[in-house]
Amino acid sequence: MRRFGAALRERERRSRGRRPPPAGQAPARLTLPYDRLFSIATHEPAHPVRIAIVHQMASGGDAAFHALRQLFPLGIDPVEQYLERTRSAKERFDRDYNAWLGEADANPAGGSAQAAERQQKQDRFVREYERRRTTVWRHFALRAWLLPMVVGSVSDKYRDEAQERLNLWLRHLCGPGEPDLPLSLENALAQGFKNAANRRRRHPAACQETRAQLVTEAERMLTRSRYWYAQLSLLHALCLWELPDTVGRPAGPGASPDPLQAVTRWLSMAGSAAGAASADEGERQARGPLHPFVAEAGDLVTLALETGHPEQFLWIDEHSAIDNVGSTPADPERYRKHNLWIAPSAGWSSLHPRAQRLLADVLVMLNLTERDGSPDDIEGRLNRANRATLPPCVTEDRGPLHPERSVGRADGSQAGSTCLPTCTFRLCPYPPKAGKERTEIEEPFCRQQQALLHSRSRWHSQAFTRHTAPWVSTPVRELHAFWEEMADRNRKTPGGDEEIF
């Protein structure tokens, strides 16, 4: 995908160097297949491939936006369109189900062959409904993810239109009244802001004129954001935008202000007006403290601003970060001439131990909420996890997670089936190995989590000597056993599990 995107940009660059047409003849309009590329991403189940496609489309500038604006007319509200397509898919499923139920009632005394045929028919239209719903969700999640990056890369010709499209999305979160933007799309939009912020000023797809506007929109979204993952992503984005492009050089007159003051202001904004048109400090206090992940991300953002090395405290995509051990320059203090703040070569090994622990538990929560199932199921789990606390399976006892489970167990692996009686999150057990979740947590990263429980880190400050995260009260021995089971998931086969059909 990266090579295909580079080929499209080269084709567009060469077309600009053509000779002008003869007098009286209209210039030929170059059409690049960015719409086909978007269609591929809509049907692509692999998360890394969708990431690559989004980045290549966002780097296409005006040519990519011209293709997409034909695909998505401006007069149509995207969120209302998503909700309408969701309702339409559900109505079609209900019609198919009622028709199937009517056939079963009309011939209740059929033999085993007819019963098997009816079951196959039901399985077929259920799969079709889930496929249709998943495709619709990917379509709109990609649009939400792509839009902030496109706003930051188009020229003056399309800038106002791109900003208007972004406002259509933000209106459903930041407008008057209760927000109706689904939480999964809110997270996707926040991811788009973080990817746009990762571009340094020298990036060929970065536009300085829209930088301040994107910062303003990100702060507005942070104020009205409801879910912890969106708040964490927006904190990362604002941190990257705050970094001066003189990082690694002597500080000049454009150096950023006191990092602690900036981060304190962002944390006071996080969710401060969620679900209301306005909120004062008293209302903010009444809603309780920050989510533990957001509070920890605030500390790490402060360290990133103080040290000028965001690659040690932040990441761009959780799944890409754990898939890549990463590499670091021979002299980390030297000024790096890279177009991105956090390069694709950066992996989990370059992260600070506190950031590694946060990344690990963020991934556990993401896999619990975004496990197998339709987008409706995922949205329901996101709503149950939308609170300022963590489930007891993350903070106290990780036994209910049962990471050793595999697909095909006789007792099932439905969300909530192994939760503690007092747990209201209803997310356990952990998605079974060999399932269809977006990613496994790779064994080297799990082994690193075990090592952090027992060894001193290369950061010797007393502030970093805690062996577990602040939100974890699980004994070190039990946490070590949990990561041992997580590391073994990629090595055991389903045939070695118990209670298999």
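Is D372 buried, partly exposed or exposed?

A: This is a predicted model. D372 has a relative accessibility of 33%. Buried means under 20% and exposed means over 50%, so D372 counts as partly exposed. D372 is found in a loop. That loop runs between α15 (353-369) and α16 (375-384). In sequence, D372 and P432 are 60 residues apart. In space, their C-alpha atoms are 9.5 Å apart.

The largest nonpolar core has 124 residues. F193, W266 and I441 have the most contacts inside it. Take I441. Leaving aside neighbours within four places in sequence, I441 is in contact with residues including A360, L363, V364 and N367. Its contacts also include I322, Y430, C446, W483, M486 and N490. There is also a second, separate core of five residues. Among them are A89, F93, F125 and Y129.

E217 lies in helix α9, which spans residues 211-224. Its relative accessibility is 5%, so E217 counts as buried. The E217 side chain makes a polar contact of 2.8 Å with the side chain of R220.

H172 is another buried residue, with a relative accessible area of 7%. H172 sits in helix α7 (residues 156-174). Its side chain is joined to that of D180 by a polar contact of 2.8 Å. D180 is also one of the residues that H172 touches when those up to four places away in sequence are not counted.

Last, a helix pair. Helix α5 covers residues 78-106 and helix α6 covers residues 112-151. The two pack at an angle of about 180°, with their axes 10 Å apart. Angles over 145 degrees count as roughly antiparallel, so α5 is roughly antiparallel to α6. The contact of α5 with α6 has 13 nonpolar residues. Four polar and ten charged residues also belong to that contact.

Terms used. Residues numbered from 1 in each chain as written. Predicted model: local features only at pLDDT ≥ 70, side-chain atom pairs only at ≥ 80, totals over all residues. Heavy atoms only, no water. Helix = DSSP H or I, 4+ residues; strand = E, 2+ residues; numbered from the N terminus. Buried < 20%, exposed > 50% of the residue type's maximum accessible area, 1.4 Å probe, protein only. Polar contact = N/O pair within 3.5 Å; in protein donor to acceptor, adjacent residues only side chain to side chain. Axes fitted to C-alpha atoms, helices over the stretch in contact; angles between N-to-C directions. Parallel < 35°, antiparallel > 145°, perpendicular 65-115°, else oblique. Nonpolar A, V, L, I, M, F, W, Y, C, P; charged D, E, K, R; others polar. Core = buried A, V, L, I, M, F, W, Y, C linked by side-chain atoms within 4.5 Å. Contact = heavy atoms within 4.5 Å.
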